Amino acid sequence: MPAVTSATAGRGPGTRVLGIETSCDETAAAVVDGGTVIVSSIVSSQVDLHARYGGVVPELASRAHVELLTPVLADALAGAGSGPDGAGIDAVAVTHGPGLVGALLVGVAEAKALAMVWDVPLVGVNHLEAHLFASLLEQPDLGWPLCVLLVSGGHTLLLEVTGPGRYRLLGGTIDDAAGEAFDKVARFLGLGYPGGPEIDRVAREGDPAAFAFPRSYPGDGHDFSFSGLKTSVVNRVRKEPGAPTADVAASFQEAVVDVLVTRARRAAREIGARALCLAGGVAANSLLRDRVEEACAEDGIGAFLPSRALCTDNAAMVAAAGYWHLEAGDTSPLTLGADPNLRLAPTA
Ligand code: KG4
Ligand code: ZN
């Protein structure tokens, strides 16, 4: 994406983008005005559908998106005073990767049809980039540069962000994503799905110092590794089957948060960040939020923690990212496809 140099350039307030998100197990649609004001936002979660399998079943997710997208879109459009004719909608933005290919295709096909029928631009959005834009929805005047810790079910990334759409990758996980580690450990402990919120809840009753799980800091840079920690939890519980689940969950969570905050804090210092910002589903974690606030207060920089609803998957962040692409003249052809392995391309 060509970098956007001014937050006020171009179309500005009054430009409404419809966002569509179907990359995993949330079917979502939203209308955002001027890239920062959420006019309507509907998220329909498929959590109950997948819970009994302990994880997202791709084929079920695609089918559920097919069923849910039409009513979700109708609600989002009605909430913005629009309707099937797309009145007042200036562009359609859609997540086209990364994610589950079948799930992505449902949203991409719908977005292409709407853009064609309404005769408005189509904007393909990278799901990870959309998570970065979630923070701008609540705090459009965040100072730059920002250090963003993007922690979701599929990714763990540290980025330097120097403006809307301008970012540089600092580091990432070399094995499991943080959310994946939460989900796998929760599953092993017999907790529900998705595991992150369950561990967050159960850990409140546990002793975070009960088990000294390992902290891994691979290399000298800003990378992460969580698979050793996960294995260590499994080995420990196998050796000590009576270990209280709350203590194991609390000690595991303590180790993950410790590593995330230590590395993010160091990266923020290194780039001279004005604030440390969280993004992605794991950013909803209570301990992580508390620790980031404490660390930033100590370091004299801002802490920006988007509301929990904007941390997890939603379409408002997709519409916001779409708006900035539109501003930059970066729209997509109607031949846009889904790319399950789409990478985040650095632009700074
Ligand atoms: O960003 P997201 O909604 O979807 C992806 O793009 O992956 O992130 C989902 C991940 C899951 O792994 C889930 O367990 C984790 O975010 N998560 C949490 C919490 N809430 C969601 N992890 C830890 N603590 C939470 N409170
Ligand atoms: Zn996500």
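This is a predicted model: local features need pLDDT of at least 70, side-chain atom pairs count only at pLDDT 80 or more; totals for chains, interfaces and linings use all residues.
For V282, a backbone N or O atom lies 3.4 Å from an oxygen atom of the ligand, while D313 places a polar side-chain atom 3.1 Å from an oxygen atom of ligand 1. Taken alone, ligand 1 exposes 550 Å², of which the protein buries 87% (Shrake-Rupley areas, 1.4 Å probe).

Ligand 1 is surrounded by 19 residues, the closest being G153, D183, G196, D200 and G281 (a heavy atom within 4 Å).

## The largest pocket

The largest pocket holds about 1200 Å³ of space, the volume filled by probe spheres set on the grid points. A pocket is an open set of points on a 1 Å grid over the protein atoms alone, where a 1.4 Å probe fits, with protein on both sides within 12 Å along at least five of seven lines; lining residues have an atom within 4 Å of a point. The lining comprises 41 residues, with C24, S152, G153, G154 and D183 closest to the centre.

Among the helices (DSSP runs of H or I, at least four residues), α5 (178–188) is one of those that supply at least two lining residues; α5 gives the most, with 6.

## Basis of the model

Residues are numbered from 1 along each chain as its sequence is written, and chains are lettered from A and ligands numbered from 1 in written order. Local features need pLDDT of at least 70 and side-chain atom pairs pLDDT 80 or more, whereas totals for chains, interfaces and linings use all residues; side-chain values use heavy atoms, without hydrogens or water.

Definitions and conventions
A polar contact is a pair of N or O atoms within 3.5 Å; within protein, one must be able to donate a hydrogen and the other to accept it, and residues adjacent in sequence count only if both atoms are side-chain atoms.
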